[in-house]
There are 2 protein chains.
Amino acid sequence: MKNFETMNPETKRALTHARNFRERHLEELKAFLRIPSIGTQPERKAETEAAADWLAEAMQEAGLENVQVIPTRGNPLVYSDWLHAAPDAPTVLIYGHYDVQPADPLYLWDTPPFEPTVKDDYIFARGAADDKGQTYIHIKAIEAYLEGGAEGGGRLPVNVKFLVEGEEESGGHNLSLFVPENGELLAADVALISDTHILSPEQPAIVYGLRGMCYVFLDVTGPRRDLHSGSFGGGVDNPLNALSHIIAALKNKDGHIQIPGFYDAVRPLSDEERQLLAKHPFDEEAWLSENGAPKSWGEPEYTLVERLGARPTLDVNGIIGGYTDEGMKTVLPARAHAKISMRLVPDQKPKEIYEQLRNYVQQIAPPSVRVRCQFMHGAPASITDYNIPAIQAAAAAYEQVFGREPVYIREGGSIPVVGLFQEHLGLETVMMGFGLPDDCIHSPNERFYLPNFYRGIETAILFFYEYSRLSS
Amino acid sequence: MKNFETMNPETKRALTHARNFRERHLEELKAFLRIPSIGTQPERKAETEAAADWLAEAMQEAGLENVQVIPTRGNPLVYSDWLHAAPDAPTVLIYGHYDVQPADPLYLWDTPPFEPTVKDDYIFARGAADDKGQTYIHIKAIEAYLEGGAEGGGRLPVNVKFLVEGEEESGGHNLSLFVPENGELLAADVALISDTHILSPEQPAIVYGLRGMCYVFLDVTGPRRDLHSGSFGGGVDNPLNALSHIIAALKNKDGHIQIPGFYDAVRPLSDEERQLLAKHPFDEEAWLSENGAPKSWGEPEYTLVERLGARPTLDVNGIIGGYTDEGMKTVLPARAHAKISMRLVPDQKPKEIYEQLRNYVQQIAPPSVRVRCQFMHGAPASITDYNIPAIQAAAAAYEQVFGREPVYIREGGSIPVVGLFQEHLGLETVMMGFGLPDDCIHSPNERFYLPNFYRGIETAILFFYEYSRLSS
């Protein structure tokens with residue numbers, strides 16, 4: 001670490017503490033990973049709650065205060081804080097989740113998902129990267145300051161509040177109820193989340209933008225029942241043909257969405273941002289060979305990196321209608337169903353986008369079928385100015401620990417909590433992740449790269465230091 | 001019957017015989033219907049063969065000769081003939097089928113499907129109308145001539161050959177092998193089939209045209225596996241969106257098929273034929289209220305009756321792709337599958353149409369997906385000149401029995417045996433049906449209108465007489 005000698009004594013002591021206790025930290029992480037906190041499975045309710053209790057105890061032991069396991073109608077939230085930094089020091093709200101994805105199919109795991117196993121430089125277990133390992137990093141970084149201080153009476157350079165939920169993998173419903181009602185408890189200057197991945201062990205990355213979502217069901221119905229296509233074909237419109245016409249009219253072959261007004265609210269990409277995104281070392285050939293598509297595709301006037309994160313999309317997620325089993329049946333189907341989702345970018349509003357789509361579909365649908373649109377889910381996109389002190393602090397921390405400047409990424413998916421914090425707490429979020437693209441999260445053999453676990457603790461330590469410095 | 005008194009003595013005697021033995025004919029039909037000859041079910045193999053044997057015996061008793069139960073790799077064929085008509089008399093090849101559709105769901109039947117039950121003017125049983133009842137009509141018409149003759153030594157005014165199969169409901173594979181190899185045995189002047197329905201008890205109808213078929217599977221594949229629509233949307237083409245574009249390009253919103261060359265071989269409708277079809281008393285409102293479609297639809301320059309029988313179609317019979325269960329999943333699917341069938345009219349050739357579709361699809365498919373077309377099934381359309389003596393004979397017979405001229409219909413579906421006879425035996429077919437639209441064939445509570453059973457026998461008797469007269 002290049003600047004180690006010039007750092008302030010508290011940070012040095014914290015880094016030294018983190019390095020001295022790596023073995024113990026790994027054992028603790030294993031204990032956390034052994035709890036099968038599959039938040040979506042009712043039969044795992046007790047274990048999921050046990051994970052919350054375990055986490056509360058770990059926070060207590062790390063020196064965090066005001067530790068609370070907060071019951072909800074679903075899985076509990078865990079809250080704690082440490083608010084004794086210097087009077088002008090900023091407050092960081094750290095978010096994580098202790099629930100994990102289901103582990104099936106079990107037979108595809110090389111080692112049992114809830115018996116954490118270290119092999120080479122990886123720890124294998126469900127939740128290792130998503131998100132127990134990454135959440136635990138912050139507890140250990142805080143501990144390093146608080147326990148590593150002179151005579152154990154250490155201090156953090158910033159105030160911290162810690163909020164960990166148990167329903168991230170199932171939609172975060174109770175968090176979305178809790179946050180708007182607890183603005184004072186959660187008041188902070190910035191939010192910090194480690195639940196994303198960097199590009200490679202050598203290349204850190206900061207996600208500063210996330211796409212939003214508008215999910216719609218489209219149902220086209222025609223005759224009352226499936227008809228014989230010989231007896232009725234040519235006289236009755238076919239819902240599957242009509243649905244295809246509607247879907248084809250939503251997006252043209254170049255990837256431009258044809259819904260009137262769809263792009264009106266899209267915040268344009270500045271030249272500066274396009275230059276920033278162009279620094280992303282994206283290997284298109286490797287990417288294609290991994291996903292198997294014949295070629296990349298999309299709006300020709302944008303780069304692939306821009307299209308994957310900074311441009312809105314419209315994808316059909318599923319269609320079913322008519323006869324779909326083996327072989328042939330000469331049916332003119334009564335109905336056709338499509339699931340359609342749009343990834344949104346700032347400043348598109350999900351409900352407005354839905355209204356635009358519905359109006360357009362009603363306008364283009366022929367009178368020979370009935371069309372029904374349903375709004376299923378919406379989440380706004382989010383974007384954070386990458387010039388704010390907290391992001392620059394994360395960049396400085398990454399650079400010192402990984403030896404390389406991070407790249408800046410606009411992620412194509414959604415992390416709803418970021419929008420929640422932005423809307424109800426007025427907080428920007430720093431997404432400082434330590435996962436890797438091949439961690440197999442949500443899949444069998446999930447793993448976490450252990451050097452990133454340790455680097456993560458050091459990066460978090462440095463983030464607190466750099467953030468206090470840059471925001472003063 | 002208006003001309004009864006002026007008929008020749010043989011025909012009068014046959015009609016009288018048919019009327020005298022109605023009760024016995026009904027009992028015999030019940031015996032035929034009691035045999036559960038579900039040709040597609042291996043566990044009904046013995047019963048299906050028993051139906052063939054029963055039929056052979058019934059033919060023998062009716063006076064038919066050369067009766068044979070001809071084994072095939074599937075269900076047997078039943079053949080018989082009577083070839084002693086006057087030297088210049090024509091030969092009629094009568095076709096029927098003794099296999100029936102499965103009867104499930106059984107709980108929807110009001111009376112057991114294989115216990116024929118007479119209620120009001122109907123006989124309820126699986127196969128009553130399709131096609132045991134209609135096949136049996138011809139055996140009884142032949143019997144009426146042969147048994148009803150002076151001192152039982154009666155004669156038919158025409159030669160007849162009778163061929164009944166046991167695989168009509170399962171594709172008729174073995175018949176399609178038998179016919180081309182037995183041109184001499186089956187040589188005739190015209191074919192006669194009673195396996196269609198008339199419009200109402202008062203309105204007979206002659207089907208003189210049938211549409212053909214070209215059935216195609218279309219598979220669109222993109223990435224190797226289902227992808228996360230957030231991480232990959234905008235960069236990878238979506239097979240479901242691409243499939244929708246392809247399908248939308250196949251047929252425009254007016255019902256005009258856009259495949260280059262598709263209409264080239266379509267035999268135009270003459271003014272005379274359009275006038276003939278315009279006589280069809282088609283109640284569009286009743287038709288819509290029965291099928292439940294919001295409105296009728298199709299090529300605006302053709303009438304509904306023309307579009308339903310005399311114009312080619314393209315219908316999507318099924319689509320499946322992506323996530324199709326309850327709820328949402330944000331998937332960019334790896335593949336999409338569509339089943340597409342085209343109803344063809346003379347003189348479109350199924351294989352040529354398939355080639356045109358495949359070439360067009362390959363031409364319009366974007367390079368960002370892979371598209372595979374598969375030819376699944378083809379059958380040519382068929383049409384018979386409604387001015388030939390055999391059709392005019394059927395019209396005259398219908399008119400005398402039903403008291404009303406028949407309407408002429410081009411049926412939208414396919415009866416493959418008509419094309420088979422046309423191609424391999426050079427025979428035109430008279431489709432002289434006695435079913436009704438609400439017979440519930442292929443459904444629970446299949447029934448046959450008994451007055452039509454008796455009228456059918458008389459119509460067949462008169463057909464033989466009129467045909468011998470008109471073709472001399």
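Predicted model: local features only at pLDDT ≥ 70, side-chain atom pairs only at ≥ 80, totals over all residues.
Two strands are said to pair if DSSP finds at least two bridges between them.

**Stop 1**

Select residues 117-119 and 122-124 of chain A. These are β4(A) and β5(A), which pair in the antiparallel sense over three bridges. To see one point of the pairing, display A:Thr117, which stands opposite A:Phe124 in β5(A).

The three strands form an open sheet in the order β4-β5-β18, with antiparallel pairing.

**Stop 1**

Colour chain A by domain. Domain 1 covers 4-209 together with 381-470, and domain 2 covers 212-285 together with 309-379. The centres of domain 1 and domain 2 of chain A, taken over C-alpha atoms, are separated by 37 Å.

Where the domains touch, 13 residues of domain 1 of chain A are in contact with 15 residues of domain 2 of chain A. On the domain 1 side, select β16 (407-411) and α14 (416-425) of chain A, each of which supplies at least two residues. Strand β16(A) gives the most to that side, with five residues. The residues of the domain 1 side divide into six nonpolar, five polar and two charged.

**Stop 2: where chain A meets chain B**

Display both chains. How many residues of chain A are in contact with chain B? There are 67, and they meet 67 residues of chain B. Several elements of chain A each supply at least two residues to this side, including α8 (239-250), β13 (335-344) and β14 (370-379). The most comes from β11(A), with nine residues. The chain A side as a whole divides into 24 nonpolar, 30 polar and 13 charged residues.

Select residues 313-322 in both chains. Here β11(A) and β11(B) run antiparallel and are joined by five bridges. A:Gly321 stands opposite B:Ile319 in β11(B).

Centre the view on A:Gly318, which lies in strand β11 of chain A. Is A:Gly318 buried or exposed? It is buried, because 22 other C-beta atoms lie within 10 Å, and the cut-off for a buried residue is 20 or more. Not counting residues up to four places away in sequence, A:Gly318 touches A:Ala338 and A:Lys339 in chain A, and B:Gly321, B:Gly322, B:Tyr323 and B:Thr324 in chain B. The C-alpha atom of A:Gly318 is separated by 9.8 Å from that of A:Ser341, a residue 23 places away along the chain.

**Stop 3: a buried strand in chain B**

Finally, select residues 190-193 of chain B, strand β7. B:Val190 and B:Leu192 point one way from β7(B), B:Ala191 and B:Ile193 point the other way, and all are buried.

Strand β7(B) has two pairings to view. With β3(B), residues 91-97, it pairs in the parallel sense over four bridges, and B:Leu93 stands opposite B:Ala191. With β17(B), residues 429-432, β7(B) pairs in the parallel sense over three bridges, and B:Leu192 stands opposite B:Val430.

Notes: Residues numbered from 1 in each chain as written. Chains lettered and ligands numbered in written order. Contact = placed C-beta atoms within 7 Å. Nonpolar A, V, L, I, M, F, W, Y, C, P; charged D, E, K, R; others polar. Buried ≥ 20, exposed ≤ 12 C-beta atoms within 10 Å, placed from the backbone. Domains from an automatic or database assignment.
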